[in-house]
Amino acid sequence: MVKHKTPPPGTAHGEPEFVEMLRKRAAIPRGSTVVLGIGDDCAIVRPRRSSDDLLYTTDMLIEGTHFLRDTHRPEDAGWKALARGLSDIAAMGGEPQFCLVSLALAGWTTGYWVERFYDGLLALAGQTGTALIGGDLAATDRLICDIVVGGTVPRGQALRREGSRAGDAIYVSGQLGGSARGLETRRGAAWQRHKRPEPRLALGRFLRERVGATAAMDLSDGLSLDLHRLCAASGLRAEIEAPPMFPAATLEQALHGGEDYELLFTAPPGVRVPRSFRGLPLTRIGVMRRGQPGRVDFDGEELPRGGWDHLSHR
Ligand SMILES: [Mg+2]
């Protein structure tokens with residue numbers, strides 16, 4: 001990821017502190033149909049008498065931060081813009097339904113570029129049954145795409161970050177570090193992984209329906225930071241060993257590199273989690289423990305949170 005370094009005004013802290021501050025201020029009114037607000041992969045809304053809960057997530061894709069116009073084709077930028085939101089729906093075990101896409105176009109943007117951007121976005125939307133239902137257009141000095149993705153999950157069944165219990169085993173899907181490796185080399189399968197992440201929608205549903213996962217989230221900012229967030233939400237700590245690594249990725253990239261969009265989840269110790277799901281490996285990497293909430297130990301030592309924190313990298 002290219003590093004853009006402007007924090008929101010008045011935020012002297014990293015992203016976790018900022019999110020926590022906002023979560024405390026944004027009180028959910030009594031009697032609201034909102035059952036989960038800020039802080040998880042998606043917010044959850046429960047319409048009265050509905051058998052499904054609604055999931056909402058939003059993401060920005062910014063030129064220079066999430067893609068570069070010299071190296072990323074417009075189709076790839078469009079694909080990635082939607083993939084990031086779909087990955088959050090996958091993390092809750094949900095089914096995507098629709099997206100709203102707003103674009104602020106830079107001076108360099110041509111009609112052809114925008115058309116190709118939507119080629120990539122709509123290809124993924126078509127594959128995943130996601131309807132594009134609206135958006136907005138504006139002009140600015142560099143391209144910004146803002147996406148809202150909405151999905152559904154059976155009432156009360158969403159996989160949250162907070163559901164993990166002491167003794168649960170920790171798993172990851174796939175191999176980690178590919179996106180970071182791709183950004184470094186701009187070649188081969190790792191570069192493809194960086195440009196075209198695959199939201200693990202079928203796996204998310206499988207974890208909810210068949211595995212009985214107690215908690216889940218997607219790996220967007222790197223294992224060390226994301227596992228810390230899952231631990232903090234569940235009020236536990238974690239002990240892990242080396243995760244499966246993408247070919248040619250380093251341990252550093254697998255532990256701290258962002259944008260792999262694999263799923264991180266926990267399951268009770270008695271549950272038999274298959275070794276793979278539709279060819280995608282599912283690997284046990286550790287165990288949840290009582291102790292300092294949010295702490296992650298790797299090979300017996302506390303793991304620094306080296307993942308991508310959008311506010312602390314300035
Ligand atoms: Mg997420």
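**Close-up 1. Tyr 261 in the loop between helix H8 and strand E10.** Tyr 261 is found in the loop that runs between helix H8 (251-256) and E10, where helices (H or I, at least four residues) and strands (E, at least two) are DSSP runs numbered from the N terminus. Although Tyr 261 is not a glycine, its phi is positive, at about 55°. With 3% relative accessibility, Tyr 261 counts as buried, a word that stands for under 20% relative accessible area, while exposed stands for over 50% and partly exposed for what lies in between (1.4 Å probe, protein chains only). The model is predicted, so local features need pLDDT of at least 70 and side-chain atom pairs count only at pLDDT 80 or more, whereas totals for chains, interfaces and linings use all residues. Residues are numbered from 1 along each chain as its sequence is written, and side-chain values use heavy atoms, with hydrogens and water left out.

**Close-up 2. Arg 186 in the loop between helices H4 and H5.** Arg 186 lies between helix H4 (178-185) and helix H5 (188-195), and it has a positive phi of about 55° without being a glycine. At 35% relative accessibility, Arg 186 counts as partly exposed.

**Close-up 3. Strand E8 and its partner E10.** In a regular strand the side chains alternate between the two faces of the sheet. From strand E8 (residues 215-218), Ala 215 and Met 217 point one way and Ala 216 and Asp 218 the other way, and all are buried. E8 pairs with strand E10 (residues 263-267) in the antiparallel sense over four bridges, where pairing requires that DSSP finds at least two bridges between two strands. Opposite Ala 216 stands Phe 265 in E10.
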